Amino acid sequence: MTVRRGLRTTLFAAAMALTALPAAAATKISFYYPVAVGGPITKLIDDYVAGFEKENPDVDIEPVYSGSYQDTITKVLTAMKGGNAPQVAVILSTDMFTLIDEDAIVPFDGMAKTPEDKAFLSAFYPAFMENSQTGGKTWGIPFQRSTIVMYWNKDAFKEASLDPEKPPRSWDEMAQMAAKLTKRDAGGNVTQWGVQIPSSGFPYWLFQALTTENGAKLMNEAGTETYYDKPEVVEALQYWIDLASKQKVHPPGIVEWGTTPKDFFERKVAMMWTTTGNLTNVRKNAAFPFGVAMLPEKKRGGSPTGGGNFYVFKSASPEQQDAAFRFVKWMTTPERAAQWGIDTGYVAVRPDAWETSAMKAYVADFPAAAVARDQLPQATAELSTHENQRVTKALNDGLQAALTGGKPAKQAMEDAQKEADRILKAYR
Amino acid sequence: MNGSFPDRLVALLENTGAWLLGLLWVLPLLFAVWTAFHPAAFAVRFDLAAPLTLENFVQAWAAAPFPRYLLNSFLLVTSILAGQLVLCTLAAYAFARFEFRGRNVAFLLVLVQLMIMPDALVVENYRTMHAFGLIDSVAAMALPYMASAFGIFLLRQTFKTVPRELDDAARVEGAGTLGILWRVYVPLARPVYVAYGLVSISYHWNNFLWPLIVTNSVTTRPLTVGLAVFSSTDQGVDWSVITAATLMTAAPLLIAFLLFQRQFVQSFMRAGIK
Amino acid sequence: MPDRRLGSQLAPHVHGWLLLLPAVALLAAFTYFPAVAALWSSLHSTPKGARPARFVGLDQYAAMVDDPVFWQSLWNNVLFALGTVPLSVAIALLMALWVNGRIRGRTALRMAYFTPTMLPMIAVANIWLFFYTPGYGLIDQVLGLFGLPDTNWLGSPATALPALMVVTVWKEAGFFMIFYLAALQAMPPSLREAAMLEGAGRWCIFRRVTLPLLMPTTLFVLVNAVINAFRTVDLVVVMTRGGPDNATALLLYHIYEVGFRYWDTGYAAALTTVLVVILVVLAIGQFVYLDRKVHYR
């Protein structure tokens with residue numbers, strides 16, 4: 001379909017050239033985007049781009065599907081170092097400091113000239129903007145964003161004689177309910193776990209939900225300090241470890257992120273923590289009634305946000321930056337933000353998107369979709385610092401070492417903090 | 001002599017062993033076929049009564065323009081293979097049969113490429129391609145792989161086993177350097193060419209990182225990039241759609257190999273030195 | 001005539017280099033030049049945005065000595081090579097002998113053995129992820145029939161690396177089999193027949209005739225297997241991302257992380273240089289040692 005669209009654009013351009021003689025050359029920009037959820041995402045994006053080009057004939061956008069999030073930043077930075085950066089891209093919100101340090105992107109403040117533009121910059125949920133702003137400037141515009149929520153199997157609750165409409169509200173409650181939900185066969189082998197929190201790949205993200213709930217922050221706003229070894233953080237880790245090793249209601253070792261939804265569908269686990277991006281997936285594949293809840297509280301509720309932002313690149317000419325900014329605004333109008341959320345399962349990124357008729361109808365039909373929104377006031381910024389990947393890796397290694405019994409929680413977190421301090425020294 | 005009991009027992013054991021190993025080796029493919037044709041709920045439960053469906057293929061098909069990717073992959077592997085066959089034959093011939101100054105050093109240098117895989121050098125190579133204006137072209141995907149140390153090494157080993165007398169015979173008949181190569185060495189090395197061709201095709205059909213980095217458009221991208229839509233998602237693994245897409249991408253290769261079987265075996269037989 | 005003699009002395013040199021020229025030109029452009037560029041940048045700091053690279057001498061290498069992940073990935077890689085190379089070469093040889101011999105349905109078997117080579121790694125890794133899934137994964141389903149408990153194969157440091165080794169052997173053996181098969185098919189049957197007439201048993205023929213004649217292939221396969229062991233990366237990316245706690249971090253995965261996640265290109269270049277040196281030494285060592293034992297006819 002892209003071929004056909006390309007052909008159409010070419011014909012259109014040819015027609016323009018023939019009819020309108022002094023036609024200004026169209027501003028060309030390339031737009032890199034990742035695909036991180038199921039469904040025909042490339043087709044959706046192609047359709048959006050075609051719609052934008054129809055309304056803005058002076059802009060010619062080349063959408064480039066660039067693999068996963070990781071592939072996308074690799075491709076963007078490789079292209080930049082080769083002197084061929086895109087003009088606009090969707091990249092993880094946590095890569096903001098990386099992109100700033102690479103001198104790759106420009107803040108949106110310079111592009112927003114009119115009062116409407118300035119209002120646009122503050123149209124989004126503050127929880128999403130925390131990962132999009134630093135040093136008083138806005139570097140990213142939220143697009144496909146998510147948070148962590150808890151999914152529970154109502155049938156399993158009934159079988160364990162728990163109220164299927166009441167998910168756990170606190171950490172203690174979750175541990176108690178999980179104990180009732182854990183089933184063992186005659187040989188003592190577990191056939192159904194009470195709860196699971198995935199810990200492969202990016203355990204820091206799920207861990208950050210626990211630390212937030214325990215009232216701890218993992219980093220400062222400038223992205224130059226981490227607080228991995230604070231007592232609240234160690235306590236949060238101990239709770240996670242104990243679920244598996246002491247209460248024995250959580251699978252031991254590292255729980256794979258990729259198979260966690262399947263574990264849930266297969267009734268291998270009664271409650272799972274995962275992204276809101278899984279909503280459509282669970283709705284389609286769970287063969288039992290399920291509920292979606294905000295994460296349980298310790299000192300408070302909460303979850304980190306996640307997902308991708310729009311960034312505009314420094315190498316773009318002023319005309320290209322202007323075109324890119326128009327495109328970003330067009331992509332995040334309330335109607336489109338609502339539609340994107342409905343189509344993909346991401347959280348619609350601005351409050352007024354939830355007031356659109358499409359979104360209202362969707363929520364009325366599927367109330368679970370609004371849980372993520374209701375949790376947003378308590379949400380915090382995802383862990384992101386300078387040298388983000390490396391600082392995060394220090395935490396990941398510590399968490400996995402502690403979860404597999406390699407190190408006690410306290411020592412694991414102290415080691416992780418030491419490593420983070422070493423890396424961040426240059427930025428203080 | 002071949003009817004004795006121990007011999008038959010050994011043959012039985014060997015047959016069983018060979019087939020068990022074979023079964024083990026195709027297990028992932030069998031799983032892929034099972035999962036792709038059944039609803040997601042049966043992806044991990046092997047129930048003969050499970051309903052069949054093509055829904056997974058429909059979903060996979062909708063996620064990327066597969067026919068175009070198929071054509072791109074085909075163009076990519078053929079141009080790489082053509083380049084490799086020519087370049088590697090010439091170079092291997094030089095190493096096997098010419099005593100020239102610096103031969104050993106040159107050979108070691110070629111071996112180096114066996115180890116420094118183009119994947120480790122993507123940033124530098126991207127810069128080179130950009131300088132030549134080749135980004136987003138089949139040439140950019142193919143060029144770094146054409147001078148294959150693997151192919152050179154393999155053909156050199158083979159060419160070295162060709163008896164010198166055949167050279168001399170051809171020379172007496174008036175063949176030049178390239179004539180000898182073409183009439184003596186290339187035919188004798190046919191099984192190796194077939195084996196190498198097969199390996200090269202399957203490697204490049206499945207190569208991912210470099211094509212992803214140097215291509216930007218639907219008109220150049222190979223199939224694996226389309227396949228990547230389904231792996232590494234936020235949502236976790238959806239085996240049904242991944243396996244459907246896998247079968248779609250691997251099918252041309254599997255079918256080609258099936259059709260090629262006879263050709264493959266024959267060329268082995270014909271090439272035997274009598 | 002002196003001129004002609006000079007010409008005929010020069011001819012092999014000229015012909016040799018002319019034949020090499022196209023391959024060498026491409027190798028120079030896409031291997032030597034970028035490799036030297038990598039060595040050069042390993043002696044510099046990583047450029048960051050407005051901060052250009054500056055010469056730091058051997059600082060990157062000093063940092064490597066203090067990098068525990070580097071040492072662990074090096075050690076993992078040695079284990080990985082020791083675990084996969086002998087096994088996949090032995091299985092490959094066994095497969096080749098089988099499908100070259102009198103086994104029933106050897107066409108189908110050959111196809112079966114070669115399948116893993118034809119499946120894309122991205123997909124294969126996901127399928128194996130299912131096999132290893134605790135509880136309902138294929139391996140646990142089968143073990144469950146015997147009443148054995150669930151195992152978190154990829155989630156515990158003790159089993160994660162061996163689990164990846166199994167996938168690697170599975171993926172590679174069929175690939176190497178093709179080379180053995182090509183060599184076996186090209187082998188003159190007269191040699192075997194002669195040995196049979198002398199009353200030699202199968203094992204004896206294999207050891208005294210077949211195996212020595214397969215030495216050039218073995219050399220080739222071994223060199224490749226070792227190199228593959230040191231350049232495995234996609235499997236790690238999809239299945240474990242180096243975890244748990246770096247238990248499956250291999251050298252090239254570490255390079256990939258440093259280069260394409262941390263964007264520390266200077267340090268990645270230093271790691272690349274070390275990897276290249278290791279591989280060159282290994283390859284030359286094997287080559288020199290084994291080439292002496294190889295009999296070319």
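Colleague: What makes Asn246(C) count as buried?

Modeller: The structure is a predicted model, and the count is computed from it. Asn246(C) has 21 C-beta neighbours inside 10 Å. The cut-off for buried is 20 or more, so Asn246(C) counts as buried.

Colleague: Where is Asn246(C) in the chain?

Modeller: Asn246(C) lies in the loop between helix H11 (234-239) and helix H12 (251-260) of chain C. Its phi is near 65 degrees, which is a positive value in a residue other than glycine. Most residues other than glycine have a negative phi.

Colleague: Is Ser161(A) buried or exposed, and how do you know?

Modeller: Ser161(A) has 8 other C-beta atoms within 10 Å. A residue with 12 or fewer is exposed, so Ser161(A) is exposed.

Colleague: What is the phi of Ser161(A), and which loop holds this residue?

Modeller: The phi of Ser161(A) is near 45 degrees, a positive value in a residue other than glycine. Ser161(A) sits in the loop between helix H7 (154-159) and helix H8 (171-181) of chain A.

Colleague: What makes you call strand S3 (residues 88-92) of chain A mostly covered?

Modeller: Of the 5 residues in strand S3 of chain A, 5 are buried.

Colleague: How do you know that strand S1 (residues 27-33) of chain A and S3(A) pair?

Modeller: Pairing needs at least two bridges. S1(A) and S3(A) have 2 bridges, so they pair, and the sense is parallel. Phe31(A) has Val88(A) in S3(A) as its bridge partner.

Colleague: How many bridges join S3(A) to strand S12 (residues 305-313) of chain A, and in which sense do they run?

Modeller: There are 5 bridges between S3(A) and S12(A), and the two run antiparallel. With at least two needed, S3(A) and S12(A) count as a pair because they have 5. Here Ile91(A) has Asn309(A) in S12(A) as its bridge partner.

Colleague: Which residues of helix H5 (residues 122-131) of chain B are buried?

Modeller: They are Val122(B), Val123(B), Glu124(B), Asn125(B), Tyr126(B) and Met129(B). After H5(B) comes Gly133(B), with a positive phi near 70 degrees.

Colleague: Which residues of chain B does the "transmembrane region" annotation cover?

Modeller: The UniProt annotation, from an unreviewed entry, covers several stretches of chain B, including 12-37 and 239-260. In the model, residues 12-37 of chain B are 96% helix and 0% strand, with the end C-alpha atoms 35 Å apart. Residues 239-260 of chain B are 100% helix and 0% strand, and their end C-alpha atoms are 30 Å apart.

Conventions:
Residues are numbered from 1 along each chain as its sequence is written. Chains are lettered from A and ligands numbered from 1 in the order in which they are written. This is a predicted model: local features need pLDDT of at least 70, side-chain atom pairs count only at pLDDT 80 or more; totals for chains, interfaces and linings use all residues. Helices (H or I, at least four residues) and strands (E, at least two) are DSSP runs, numbered from the N terminus. UniProt positions are given in the numbering used here, feature names are shortened, and annotations may be inferred rather than shown by experiment.
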